[in-house]
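User: I've got a model open and want to know what the labels on it rest on. Can you take me through them?

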Amino acid sequence: MKVTRASALQLGLVSCHACHLLSRKPKASTHGVACCPRCGEELHQRKPNSLMRTWALVLAAIIFYIPANVLPMTITSALGTVQADTIMSGVIYFMQHGSWEIALVIFTASVFVPFLKFVILIYLLLSIHFKSIKRPKDRTRLYRFTEAIGRWSMLDIYVVTILVALVKLGFLADIEAGPAALYFALVVVTTMIAAESFDPRLIWDVVEEKHE
Amino acid sequence: MHQIACHECDLIHDIPAMPSRAAAVCVRCGCVMFRAQANSIDRTLAWTFAGLVLYIVAVSFPFLAMKNGPIFNETGLLTGIQLLFKQGIIPLATLVFLTCVLIPLIQMLGLLYIFVPLKLNVRVQYAMPVFRLFKHVKPWSMMEIYMLGILVSIVKLGKMATIIPGLAVIAFGLLIFVLNFALSSVDSHMVWERLEGDS
């Protein structure tokens, strides 16, 4: 594979986000948006307002993360007693009852993965702000990693849905979804959109700038 | 020979004619830019039809049953979503419905809409917007995580009652693999080129 060592941006070309067609960057137009000549997708040389959007979504997700962990995820009522469980109390319950594998799975998916995503995304954002040229390849890899792991946080939402279905009214016990479930869903959705709005090409733009 | 830019670092590459099953890897950041597929149309269609059959089974047959002495409670894939809806937690119900029920269906119907006309060599309207939609919904299809959720729930309730997995769970589990095979048989570059040639 031959390589002409230049990026599409440097050559004034735009790569379509959907169909990968390379086209000449349209003349600067103040109105309207440029569309891909092949598939009709909106063309952007870089994802629009990538840094600002990612910051905003990450911060929003961090705020949602607090009630998601503090408020109860499920409310179980059995024989007149009502018990509210947070994510962590569920993890502790599993640890004490010998199923540490399940405790580990829930802890990783619900607590650790969102936290890791915050740390990695903030690190990537800061590295671009401070125009770091260190290890761009590894940073791109980190980005790919955050994109891949984020979805697994949905696990607890599904567990709640399944529990609600299985233990429904008329049974000895009844399980309802607590307020944390909603905040938790918001954490997952906002971090997923945050990862999607981050543009890894910005990492390489800085590197190219410094090399010129 | 044509040029494409890596979608993760924007470096331009000259792509020669690719042998089937070969992947084009970016020389700078190492990301897989695309993969050429052999028999993409036939394989995608076969997996998608298999997926649709499994999907119908997964939605219509009993999913999980819970047995505790005389009490027997059977649920379907949609029961939990309906109950969340009734409890008034509509955003949550919608999210679960979208990620585990609607989006997998959109993916399969989208594939049929694109690949059946390609196979028959006919043109259909809106093929390109449909294929774009298909690409955009991909990260939001989360059946494999739902499956893990089932495992966690079984362990969680295991001490309270006996959980009996239904036919639908097996279909759902198979569907995860079949849909993944269908998705990985799609040769996007071939599809875009064919769609472009048609219009």
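User: To start, in what order do the three strands of the open sheet in chain A stand, and what is the pairing?

Analyst: The order is β5-β4-β6 (chain A), and the pairing is antiparallel. Strands here are DSSP runs of E, at least two residues long, and helices are runs of H or I of at least four, numbered from the N terminus. Two strands count as paired if DSSP finds at least two bridges between them. Bear in mind that this is a predicted model, where local features need pLDDT of at least 70, side-chain atom pairs count only at pLDDT 80 or more, and totals for chains, interfaces and linings use all residues. Residues are numbered from 1 along each chain as its sequence is written, with chains lettered from A and ligands numbered from 1 in the order in which they are written.

User: What makes β5 and β6 of chain A edge strands?

Analyst: β5 (81-85) and β6 (173-177) each have a single partner strand, so one side of each has no neighbour in the sheet. On average, neighbouring strands are turned by 20 degrees against each other, direction ignored; axes are lines fitted to C-alpha atoms (for helices over the stretch in contact), and angles run from 0 to 180 degrees between N-to-C directions.

User: How do you know that β4 and β6 of chain A pair?

Analyst: Count the bridges: β4 (residues 74-78) and β6(A) have five, in the antiparallel sense, and at least two are needed. A:Ala78 sits opposite A:Ala173 in β6(A). Helix α5 (residues 155-166) of chain A packs on the sheet, touching β4 and β6 of chain A, with its direction at about 145 degrees to that of β6(A).

User: Why is A:Ile87 called buried?

Analyst: A residue is buried if 20 or more other C-beta atoms lie within 10 Å of its own, exposed if 12 or fewer, and partly exposed in between, with C-beta atoms placed from the backbone. A:Ile87 has 23, so A:Ile87 is buried. A:Ile87 belongs to helix α2 (residues 87-96) of chain A. Beyond its neighbours within four places in sequence, its contacts (C-beta atoms, placed from the backbone, within 7 Å) include A:Met73 and A:Val111.

User: And what makes A:Trp204 buried?

Analyst: A:Trp204 has 24 other C-beta atoms within 10 Å, so A:Trp204 counts as buried. This residue of helix α7 (residues 201-211) of chain A has contacts with A:Ser7, A:Pro136, B:Cys9 and B:Asp10, leaving aside neighbours within four places in sequence. A:Trp204 and A:Pro136 are 68 residues apart in sequence but 6.7 Å apart in space, C-alpha to C-alpha.

User: Where is the kink in α3(B) centred?

Analyst: On B:Leu98, with a bend of about 45 degrees. The bend is the angle between axes fitted to the seven residues ending at a residue and the seven starting there. Just after the helix, B:Asn121 takes a positive phi of about 60 degrees.

User: How many residues make up the contact between the chains?

Analyst: 50 residues of chain B are in contact with 50 of chain A. Helix α5 (residues 143-157) of chain B gives the most to the chain B side, with 10 residues.

Definitions and conventions. Two residues are in contact if their C-beta atoms, placed from the backbone, lie within 7 Å.
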